[in-house]
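Visitor: I would like to learn how to read a model like this one. Can you take me through it feature by feature?

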Amino acid sequence: MSEQHKKVEKNPNLPSNIVMSGIRPTGMVHLGNYFGAIRNYVRMQDEFECYFMIADLHSLTTHPDTKTLKDNVRRVLAENIACGLDPEKATFYCQSHIYETGELYLYLNMLAYKGELEKTVTFKDKARQHPENVNAGLLTYPVLQTADIIMHRASHVPVGKDQEQHLEMARNFVVRFNHRYGEIFPEPHAFNYNEQLIKVPGLDGSGKMSKSENNMSTLYFADDDDTIRKKVMKAKTDSGPTEKNAVMPDYIENIFMLMKLVCSEDVIKKYETDFNECTIRYGDLKKQLAEDMISFMAPIRQKTDDILANDAYLVEVMKKGAQKANESAAKTMKLVREAMGLNYF
Ligand code: TRP
C-alpha cells in the first residue's frame with residue numbers, strides 16, 4: 001500500500017463546531033423561514049464559523065428551467081441579508097460557485113447505494129409529484145447535500161425536521177468515507193438552539209406557513225402593507241367563545257401564536273383576558289396584529305428593496321462569499337484527494 005493510500009489514523013483534529021446550512025432559492029422568504037431558521041442563523045454567525053449557501057444546483061433537480069434563477073438567487077440573498085444575515089460575519093455564498101462540490105459529489109456517489117437513495121422520503125414524494133422528471137440528480141439529492149456540508153467539514157447543520165433523513169444519510173456516507181479512506185470528516189448532525197423550534201402557523205388555521213403554496217395563508221416579506229392587512233384580516237376566526245375561560249380552538253390559538261411573534265406583551269395580555277371574559281372582538285385583534293406585523297415586516301421589505309437596487313453590492317457579496325467558501329473547499333479537497341490516493345504527483 002502506498003504512503004498516500006494508507007488510512008489516515010483517527011484524527012483528533014477534526015473540526016467540531018463548524019455550522020453549515022443550505023437555503024433553497026425557490027420561492028420568496030416568508031415569516032416561517034424567519035422565525036424557524038434565519039433568526040437562528042443570525043445568532044449563530046456570532047458564535048460559530050458559519051457557511052450559509054444558496055442551493056442553486058439543488059434547485060435544478062426540480063426546476064431545470066433557469067430563466068428566473070438569477071433573479072431568485074439575488075432576491076433570496078437580499079432577503080436573508082435584510083433579515084440580519086451578515087456576509088462579513090458568515091460565509092454566504094452560492095453553491096454553483098464552488099466547483100469542487102461537483103468533484104466531492106462524484107466521489108460520494110460511489111459510496112451511496114441505489115437502494116437507500118430510492119427509499120428516501122423526499123425522493124419518493126418528488127418522483128410521485130413529477131413522474132415525467134425522475135432524474136438521477138433527484139435520486140442523488142442527499143449526496144449533493146452531503147458534499148455541501150462536508151466540503152467545510154461542518155458538523156452542525158441548522159435544519160428543520162424535514163431534513164433529518166438527509167442528515168442521517170449524510171452521516172452514513174461520512175462513516176463509509178472515513179472507514180474506507182481515513183478520518184477526514186466529522187459526522188454532521190442537526191443543530192438548533194435548545195429552545196423548541198418555533199413553528200409559525202399559517203393564517204388559514206391549519207398547518208404551518210410554507211412557501212410551496214403561494215396562497216393567502218403565508219406572509220411573505222415581499223408583501224406590501226395592504227397585502228399583509230388583507231391576509232391577516234382573512235384569517236379564520238369565529239363569533240367568539242360562549243363561556244368564560246373556554247379552551248381555545250386551534251385556529252384562534254394559531255392567531256395568538258402569531259401575535260406572540262410581533263405584538264407587545266400588553267397587547268397579548270389584553271386579548272387573552274378578553275378571550276377568557278368572552279368580550280373578545282376578533283376584528284380589533286386582527287387589525288392590531290396586522291399593524292404590528294407591518295411594523296415588523298415593512299422595514300425588512302424596505303431593506304431588501306434597497307439591496308436589490310444595488311447590484312454592485314450583491315455581486316460583491318457573492319464574490320466575497322465564493323472566495324471564502326473556495327478557500328475552505330480547496331483545503332478539504334486536498335485532504336480528500338490525498339486520502340483517496342488521487343494525488344499522482
Ligand atoms: N435540502 C435543503 C432543503 O431542502 C437545502 C440544502 C441544500 C441544505 N444543501 C444543504 C441544507 C446543506 C443543509 C445543508 O431545505
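Predicted model: local features only at pLDDT ≥ 70, side-chain atom pairs only at ≥ 80, totals over all residues.

Visitor: How many helices and strands does the chain have?

Guide: Start with the secondary structure. Here the chain has 14 helices and 5 strands. Its C-alpha atoms fill a box of roughly 80 × 45 × 45 Å along the principal axes.

Visitor: What share of the residues counts as buried?

Guide: Of the 345 residues, 48% are buried. The chain exposes about 17,700 Å², and carbon and sulfur atoms supply 51% of that area. Contacts come next. Take those between residues at least 6 apart in sequence: 78% join residues at least 24 apart.

Visitor: Which residues of H3 are buried?

Guide: Leu69, Val73 and Val76 are buried, and so is the run Leu77, Ala78, Glu79, Asn80, Ile81 and Ala82. Look just past the helix too. There Gly84 takes a positive phi of about 120 degrees.

Visitor: Now the ligand. Which residues are closest to it?

Guide: The shell holds 14 residues, and the closest are Arg24, Tyr141, Gln145, Asp148 and Gln163. Then check polar atoms. A polar side-chain atom of Arg24 lies 2.9 Å from a ligand oxygen. For Tyr141, a side-chain N or O atom is 2.7 Å from a nitrogen atom of the ligand. Gln145 has a polar side-chain atom 3.0 Å from a ligand nitrogen.

Visitor: How much of the ligand does the protein bury?

Guide: Compare the ligand alone with the ligand in place. Alone, the ligand exposes 360 Å², and the protein buries 94% of that.

Visitor: Which elements give two or more residues to the shell?

Guide: Strand S1 (18-23) and helix H8 (141-150) do. H8 gives the most, with 4 residues. By type, the shell divides into 7 nonpolar, 5 polar and 2 charged residues.

Visitor: Last, Arg301. Is this residue buried or exposed?

Guide: Arg301 sits in helix H13 (residues 282-308). Its relative accessible area is 16%. Buried means under 20%, so Arg301 is buried.

Visitor: Which residues does Arg301 touch?

Guide: Leave out residues up to four places away in sequence. Arg301 then touches Phe221, Ala222, Asp223, Asp224, Asp225 and Ile228.

Methods:
Residues numbered from 1 in each chain as written. Heavy atoms only, no water. Buried < 20%, exposed > 50% of the residue type's maximum accessible area, 1.4 Å probe, protein only. Near = heavy atom within 4 Å. Polar contact = N/O pair within 3.5 Å; in protein donor to acceptor, adjacent residues only side chain to side chain. Areas by Shrake-Rupley, 256 points an atom, 1.4 Å probe, with all protein chains shown as cover. Nonpolar A, V, L, I, M, F, W, Y, C, P; charged D, E, K, R; others polar. Contact = heavy atoms within 4.5 Å.
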